[in-house]
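Morning, everyone. Please put the model up on the screen. I'll talk through pockets, then helix packing.

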Amino acid sequence: MSATEAAASLRELFASANPSLDRLAGCVAGLARPPGRVATIVEGVVRGLDDLAVDAPASGDGSELVDYVFGALEFTGNQANYFDPQNSYLDRVIERRLGIPITLAVVAAEVGRRVGTTLRLIGFPGHFLLGDGDDLALFFDPFAGGRRLRIDECAQMLTDMFPGAVLEPAHTAALRPHQVTGRMLNNLKQIHLSSGDLGSAADVALVGLALPDPELAVRLEAIKLLEAVGRHDQAAEVLDTIAEIDTANAERHRKAATLLRFNRN
């Protein structure tokens with residue numbers, strides 16, 4: 001199963017000191033492939049980004065790099081089919097030059113990293129952004145061709161999406177690679193849930209457990225989805241991990257895991 005393989009690959013990467021975002025995103029892309037293909041997909045993503053960076057400007061200027069990715073390379077937002085799962089798989093985004101805000105942002109940031117240009121990955125509510133590495137008040141909208149945004153425009157965007165919301169410093173803070181990966185997985189899971197594909201949603205939830213210290217709510221949702229598609233053994237294994245963490249209720253969790261295993265047939 002690709003989900004199990006992708007999760008194992010993620011855990012291996014997170015065991016290292018500084019896992020690179022390109023490889024983490026490659027593991028997510030591996031979810032959509034047959035078993036035994038995750039490592040190949042990861043290496044393909046890395047090579048694809050290397051190729052994109054060959055002619056990238058090495059000036060260190062964030063605006064110039066953004067213009068290169070969304071201008072010369074013609075990466076663009078898939079407005080015609082925003083909820084296509086392929087928009088979340090970085091190998092397909094590189095191949096098609098189409099994506100959603102978060103995957104387009106990852107492409108730009110990773111191309112920039114290869115030529116020494118820093119672009120910050122901004123976990124803006126409801127719409128992923130890029131931030132300039134030097135000018136902390138300058139942002140780019142990857143879904144709109146790299147459109148420049150200042151802080152007041154970010155505040156207006158937030159209000160437009162969520163009436164009454166007030167822009168807070170956390171909304172424009174840069175995310176670390178594991179946080180970006182988590183958001184990619186959550187987006188993909190919601191896409192599958194919206195289409196009624198519980199099996200794929202369960203796969204994504206299972207991979208999400210490979211992120212560092214997943215919250216209890218994340219674990220419980222994974223159990224719920226795995227149960228819903230009859231994968232009782234896997235749900236029980238997640239309960240076993242909860243028992244190790246929630247020691248005060250460990251016996252209750254283990255009993256629930258045993259009951260799940262009885263239901264596997």
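The second largest pocket is lined by 16 residues, with Leu21, Glu110, Arg113, Leu121 and Pro177 nearest its centre. Helix H6 (101–115) and strand E3 (119–122) are the elements that give two or more residues to that lining. Helices (H or I, at least four residues) and strands (E, at least two) are DSSP runs, numbered from the N terminus. A pocket, on a 1 Å grid over the protein atoms alone, is an open set of points where a 1.4 Å probe fits, with protein on both sides within 12 Å along at least five of seven lines; lining residues have an atom within 4 Å of a point.

Before going on: this is a predicted model, where local features need pLDDT of at least 70, side-chain atom pairs count only at pLDDT 80 or more, and totals for chains, interfaces and linings use all residues. Residues are numbered from 1 along each chain as its sequence is written, and side-chain values use heavy atoms, leaving out hydrogens and water.

By class, the second pocket's lining has eight nonpolar, four polar and four charged residues. Ala, Val, Leu, Ile, Met, Phe, Trp, Tyr, Cys and Pro count as nonpolar, Asp, Glu, Lys and Arg as charged, and the others, Gly among them, as polar.

Now the largest pocket. It is lined by 16 residues. Nearest its centre lie Gly182, Arg183, Asn186, Leu211 and Val218. Which helix gives the most to this lining? H8, with seven residues. The lining divides into seven nonpolar, five polar and four charged.

H9 also supplies at least two residues of that lining. So where does H9 pack? The axes of H1 (residues 2–14) and H9 (residues 198–208) come within 8 Å and cross at roughly 20 degrees. Axes are lines fitted to C-alpha atoms, for helices over the stretch in contact, and angles run from 0 to 180 degrees between N-to-C directions. H1 and H9 are therefore roughly parallel; the cut-offs are under 35 degrees for roughly parallel and over 145 for roughly antiparallel. Ala3, Thr4, Ala6, Ala7 and Leu10 in H1 meet Asp203, Leu206 and Val207 in H9. Contact means heavy atoms within 4.5 Å.

H1 has another partner. H1 and H2 (residues 21–29) pack at about 165 degrees, axes 9 Å apart. That makes H1 roughly antiparallel to H2. Here Ala6, Ser9, Leu10, Leu13 and Phe14 in H1 meet Arg23, Leu24 and Cys27 in H2. This contact divides into six nonpolar, one polar and one charged.

Conventions:
Angles under 35 degrees count as roughly parallel, over 145 as roughly antiparallel, 65 to 115 as roughly perpendicular and the rest as oblique.
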